[in-house]
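Me: I would like a close look at a single part of this protein. Please keep it brisk.

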Amino acid sequence: EETSRIKAETYGFSVVNYESGDRSAEITVKLPDRFKPISTITLHTAARDFNKNIALHGSHDMKNWSFLAEDNIYDFSSQVNLRKTEIKFRPSNHRYYQITMTEKQTEGQTKENINLLYKDLQFSVNNVRGNQIRIDEILGKTSQEEDDVDVYDEIEFSRFSEYKENDDETMVTLATGLPFRRIIFNISNHYYYRDVEVYGSDSGKSDSYRYLMKDSIYRFPIAGDKEAKDYIYCQSYKYKFYRLVIKNKDNPHLQLKSIKLEWLRKNLFFIALHEAQPYTLVVGGSSLAAPEYELSKFLNQSNWHTQPFKRLQVAHLRSNQDYRPAQLKNRKNIEKNILTGIVVVIVIVVSYWLYSLLKRTSISRNRREE
């Protein structure tokens with residue numbers, strides 16, 4: 001069955017009405033004349049340290065309003081990397097939207113401070129604003145077709161090549177020759193907030209690791225909601241070894257059960273010369289050079305989804321019992337031959353230098369005798 005991928009579209013809202021009070025604001029916006037159903041509204045603001053309730057309604061004529069969603073937006077960036085300004089809802093074809101923004105309060109919390117104490121882990125966010133925030137821009141986004149959803153392959157490690165717990169950090173080493181895009185941590189602790197540094201190495205030697213990135217993982221209740229982020233994104237090339245350093249500081253070590261690496265599934269394209277003819281895909285020949293086809297000049301990640309295509313089902317993989325990998329030269333023999341060549345060159349140079357020196361000495365003696 002022929003299909004094509006449809007990318008999500010983004011529209012800028014124009015403001016119809018903006019009413020603001022001491023503790024609430026009501027914003028009425030509309031989409032352009034031509035639009036597709038949207039499922040996400042993003043509020044762009046430069047404000048920091050806020051927590052707001054959002055009630056969203058939609059209308060076709062600005063007279064009859066339908067309830068769409070209730071959500072909250074917040075920012076606690078003064079102490080943690082935690083910010084949310086998106087409102088998600090079922091796809092809606094309304095042109096007009098009414099956003100009602102009020103201050104969010106939870107039992108046992110003041111308007112200025114949020115505190116959490118669990119055993120010897122202490123967390124606090126201060127100066128959460130209770131006044132109105134300025135919305136600079138509002139954008140609407142369409143939902144994506146199923147074919148446009150990222151599909152990941154994964155591998156999970158419950159046993160690590162190396163695991164060390166120092167005074168203020170935990171170091172985990174994974175031996176895998178795979179690239180990845182996302183790291184997921186399976187942690188038993190109910191509350192935590194940690195910075196994680198990621199390194200890569202091809203040899204695994206302690207002084208060979210290259211710094212890749214740094215991000216944070218966390219899990220705790222805040223502002224009346226349970227917030228959790230047990231993953232980090234890291235666009236990594238293929239390294240044989242990865243080292244993850246979890247910065248604990250003065251907190252207890254995390255109960256790390258497993259680590260999962262995920263990478264985006266790749267698309268493989270075939271151009272059939274003839275219809276209704278079987279083709280065989282051969283993989284695993286590491287000694288063979290990668291082929292170069294003119295197809296790569298015309299088809300790439302930017303335009304493949306605009307072409308008609310059919311999805312193929314992969315048949316059962318079968319091992320080729322007749323395959324024999326090319327015999328590689330022994331590394332020790334290669335090193336021995338190189339060393340022998342260097343010695344031969346040095347001997348030739350020294351011999352020529354001695355010959356020249358003796359020749360000059362002989363000529364000098366003959367002149368003295370004359």
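Is Lys52 buried or exposed, and what is its relative accessibility?

Reply: A word on the source first. This is a predicted model, in which local features need pLDDT of at least 70, side-chain atom pairs count only at pLDDT 80 or more, and totals for chains, interfaces and linings use all residues. Residues are numbered from 1 along each chain as its sequence is written, and side-chain values use heavy atoms, with hydrogens and water left out.

Lys52 counts as buried, because its relative accessibility is 0%. Buried means under 20% relative accessible area, exposed over 50%, partly exposed in between (1.4 Å probe, protein chains only). Lys52 lies in strand β6, residues 50-59. Strands (E, at least two residues) are DSSP runs, numbered from the N terminus. The Lys52 side chain makes a polar contact with the side chain of Glu103, at 2.5 Å. Such a contact is a pair of N or O atoms within 3.5 Å; within protein, one must be able to donate a hydrogen and the other to accept it, and residues adjacent in sequence count only if both atoms are side-chain atoms.

Now β5, residues 38-44. β5 pairs antiparallel with β9 (residues 86-92) over four bridges. It also pairs antiparallel with β13 (residues 137-142), over six bridges. Pairing requires at least two DSSP bridges between two strands. Ile41 has Ile87 as its bridge partner in β9, and stands opposite Gly140 in β13.
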